[in-house]
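Welcome! Please take a look at the structure below, and then we will walk through it together, piece by piece.

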Amino acid sequence: MDDTKIVFCSSKKLGLHSELQAFHNASNEIFIKIEMENDSAFITLNRETAIRLVKNLKREIAKIELGEEVDNG
């Protein structure tokens, strides 16, 4: 098993610091955790559900107009 975590930081437009972490856990699922300044939440997804999530995210990303999000942080 790969010991890698992927961490995404929130857009600076929000005005607060938050992170999304994603990794493959010991239960053979995708573990997604969102940490905010004063709170955190997590969800685990099986393979099929994770694939559906990716497909839906791709559809939503396609709706974002090019040039709208130009924050290279």
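This is a predicted model: local features need pLDDT of at least 70, side-chain atom pairs count only at pLDDT 80 or more; totals for chains, interfaces and linings use all residues.

One of the facing pairs here puts Q21 opposite K33 of β3. The two strands form a hairpin, with 5 residues between β2 and β3.

Strand β3 also pairs with strand β4 (residues 40–45), again in the antiparallel sense and over 6 bridges. Here K33 stands opposite F42 of β4. So if you find K33 on screen, you can look from there to Q21 in one direction and to F42 in another, given that K33 counts as partly exposed at 24% relative accessibility. The link from β3 to β4 is a hairpin too, made through 4 residues.

## A closer look at the turn

Which residue in the turn between β2 and β3 has a positive phi? That residue is N28, with a phi of about 65°. The value is positive even though N28 is a residue other than glycine. N28 lies in the loop between β2 and β3, and its relative accessible area of 59% means that N28 is exposed.

## The whole sheet

Stepping back, the strands make an open sheet of 4 strands in the order β1-β2-β3-β4, with antiparallel pairing. The edges are β1 and β4, each of which pairs on one side only. From one strand to the next, the twist averages 15°.

On the β1 side, 4 bridges join β1 to β2, and these strands run antiparallel. Within this pairing, F8 has L20 in β2 as its bridge partner. As background for looking at any such sheet, side chains in a regular strand alternate between the two faces of the sheet.

## The loop between β1 and β2

Between β1 (6–9) and β2 (19–24) there is a loop, and S18 is found in it. Is S18 buried or exposed? S18 counts as buried, because its relative accessibility is 11%, and buried means under 20%.

What does S18 touch, leaving aside residues up to four places away in sequence? The contacts are F8, C9, S10, E35 and M36.

Now for the helix. Helix α1 lies across β3 and β4, and runs at about 115° to β4. I61 has its place in this helix, which covers residues 47–63.

I61 counts as exposed, because its relative accessibility is 53%. Together with L53, L57 and I64, I61 makes a nonpolar surface patch of about 350 Å².

## Two salt bridges

How many salt bridges does the structure hold? There are 2. Side chains of opposite charge can pair when their charged atoms come close.

E35 counts as partly exposed, since its relative accessibility is 27%. The other salt bridge is between E60 and K63, whose closest N and O atoms are 3.0 Å apart. Both E60 and K63 lie in helix α1, 3 residues apart, which is about one turn of the helix. E60 is partly exposed, with a relative accessible area of 45%, while K63 is exposed, at 60%.

## The chain as a whole

To finish, here is the overall picture. The protein chain has 1 helix and 4 strands, and from the N terminus on its elements run β-β-β-β-α. Buried residues make up 11% of its 73 residues, and S18 is one that counts as buried.

The accessible surface of the protein chain comes to about 6400 Å², and 55% of that belongs to carbon and sulfur atoms. Among contacts with a separation of 6 or more, 10% come from residues 24 or more positions apart.

How values were computed: Residues are numbered from 1 along each chain as its sequence is written. Side-chain values use heavy atoms; hydrogens and water are left out. Patches are made of residues with over 30% relative accessible area and no salt bridge: like charges are joined within 9 Å, nonpolar side chains (Val, Leu, Ile, Met, Phe, Trp, Tyr) within 5 Å. Accessible areas come from the Shrake-Rupley method with a 1.4 Å probe; for residues, only the protein chains shown count as cover. A salt bridge is a side-chain nitrogen of Lys or Arg within 4 Å of a carboxyl oxygen of Asp or Glu. Buried means under 20% relative accessible area, exposed over 50%, partly exposed in between (1.4 Å probe, protein chains only). Contact means heavy atoms within 4.5 Å. Two strands pair if DSSP finds at least two bridges between them. Axes are lines fitted to C-alpha atoms, for helices over the stretch in contact, and angles run from 0 to 180 degrees between N-to-C directions.
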